[in-house]
Amino acid sequence: MPNIELTVNGTPRRAEVEGRTLLVELLRDGLGLTGTHVGCDTSQCGACVVIVAGKAVKSCTLLAVQADGESVTTIEGLASGDALHPIQAAFHEHHALQCGFCTPGMIMATVDMIERHDARLDEATIRHELEGNLCRCTGYHNIVKAIQAASDAIAASKSQGVQVDA
Amino acid sequence: MREFVYHRPLSLAEAERLFAASAEGRYLSGGMTLIPTMKQGLATPVDLVDLGRLPELKMLLVEDGYLVVGAATTHTEVQTSPIVADAIPALADLAGQIGDPHVRHRGTIGGSIANNDPAADYPAAVLALGATIETSRRTLPAEEFFQGMFSTALEEGEIVTRIRFPIPERAAYRKFSNPASRYAMAGVFVAMLGDGEVRVAVTGAGQDGVFRASEMEDALSAELNPAEIEAIVVDPATMLSDLHGSAAYRANLVKVMAKRAVADLLA
């Protein structure tokens, strides 16, 4: 079985995986990081989105071996201690969740979205960019509001020279 | 998913050797189609040969009037590359309409055209622009490469290495996406080449996969105007029909998308 090394939420990890082990299976079952959810298992819902090598990916559609040597960030890697990441804080503030199942994927997709748009998001862009993430509670209005607020907060902290890490 | 042996070759030659040595090998590029297919048990390779990190497949440049795109270039890279935006903005626009951001981060142009899904976007651009497909063994024109639904001229073990697009005067792509899958229900790529020739390719709609709409090409070469499309009859007998849309609906969509693409091209 392949041995792989990857950096998960800043910590180097080694794992022995089968070729067929999906990244989401390694994260949840192998490393106990159950914040990453499996919603549809058909690559459509985005509940399993994590950041690999700086880009949002669907971890149910990636083999763990494909992430060998890469850096992976999951929802568990965002907060620093008790301080929520600005995106998590915005989702909390705007009640951008109902059942909460899609929330980790939504937040990880937001990390990537804000990064790619350099924290300059408007509502139309946010709605379009959310095409890879489904909320079965249909809580999109508050999700969009939270993403907008998070984007604005990160833009403001950037202009003040404060570094916000993903 | 069924068990398989995963291989990560370091060169194109090694990839071909690994494939040839396998009882049942498959190449893996971005995996955005293959991995879901394997999860469903519809593909059960014994050996999986990952092309994702081969340096030979990584390139994006303009050379002698051609845009050359390596097979392992992701949809996001095509979508956001200043080189593509400058050479063929319609191609960047097309790439940005594939799947969703997370899929575009992994899916590759080489994987897309090698799979030749009848509803994939890239084949329309490759065919309309008259691109050539370079492989580990030879060079093929788009017309010879695409051979019907999920079928290409690729031989056993042959690898798409790069796609060479002639840079057109102007081009535009319009598609009507399936709202769930984002695959094209009908996608039309219209290109006006340097010599004034207009080429039109349609994806998502035809029973035999991507095809050139020659009647539209003739009409638009005479006069580049959306009104020229109106009188053309798209035969529903050649169109796909499924639960998402009937053949007659798709035949109409082809005309509507073609008109919109021509309007974009003139804008």
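# Exercises on a predicted two-chain model

Asn178(B) touches Tyr183(B), Met185(B) and His244(B), leaving out residues up to four places away in sequence; contact means heavy atoms within 4.5 Å. This is a predicted model, where local features need pLDDT of at least 70 and side-chain atom pairs count only at pLDDT 80 or more, while totals for chains, interfaces and linings use all residues. Residues are numbered from 1 along each chain as its sequence is written, chains are lettered from A and ligands numbered from 1 in the order in which they are written, and side-chain values use heavy atoms, without hydrogens and water.

## Exercise 1: a loop asparagine

Find where Asn178(B) sits, and state which backbone nitrogens its side chain reaches.

Solution. 
1. Asn178(B) is in the loop between strand E9 (170–177) and strand E10 (184–192) of chain B. Helices (H or I, at least four residues) and strands (E, at least two) are DSSP runs, numbered from the N terminus.
2. Asn178(B) counts as buried because its relative accessible area is 8%. Buried means under 20% relative accessible area, exposed over 50%, and partly exposed in between (1.4 Å probe, protein chains only).
3. Follow the side chain. It reaches the backbone nitrogen of Ala180(B) at 2.8 Å. It also reaches the backbone nitrogen of Ser181(B), at 3.3 Å.
4. Apply the rule for a polar contact. This is a pair of N or O atoms within 3.5 Å; within protein, one must be able to donate a hydrogen and the other to accept it, and residues adjacent in sequence count only if both atoms are side-chain atoms.

## Exercise 2: the interface

Describe how chain B meets chain A, from area down to one atom pair.

Solution. 
1. Count residues. In chain B, 28 residues are in contact with 28 residues of chain A.
2. Take the area. The two chains bury about 2300 Å² between them, 55% of it on carbon and sulfur atoms. Buried area is the accessible area (1.4 Å probe) that two parts lose on being put together, summed over both.
3. Find the main contributors. Lys39(B), His102(B) and His105(B) supply 27% of the area that chain B buries against chain A, more than any other three residues.
4. Count charged pairs. The rule finds six salt bridges across the interface. A salt bridge is a side-chain nitrogen of Lys or Arg within 4 Å of a carboxyl oxygen of Asp or Glu. One of them joins Lys58(A) to Asp100(B), with the closest N and O atoms 2.5 Å apart.
5. Name the elements. Helix H2 (34–39), strand E3 (47–50) and helix H6 (101–106) of chain B each give two or more residues to the side that touches chain A. H6(B) has the largest share, six residues.

## Exercise 3: salt bridges inside a chain

Solution. 
1. Start with the total. The structure holds 28 salt bridges over all chains.
2. Take chain A. Lys158(A) pairs with Asp118(A), the closest N and O atoms being 2.9 Å apart. The pair links distant parts of the chain, 40 residues apart. Lys158(A) is partly exposed at 41% relative accessible area, and Asp118(A) is partly exposed at 35%.
3. Take chain B. Arg164(B) and Glu134(B) meet at 2.7 Å, N to O. Strand E8 (residues 160–166) holds Arg164(B), and strand E6 (residues 132–135) holds Glu134(B). Both residues are buried.
4. Glu217(B) and Arg212(B) meet at 2.9 Å, N to O. Glu217(B) is buried at 6% relative accessibility, whereas Arg212(B) is partly exposed at 28%.
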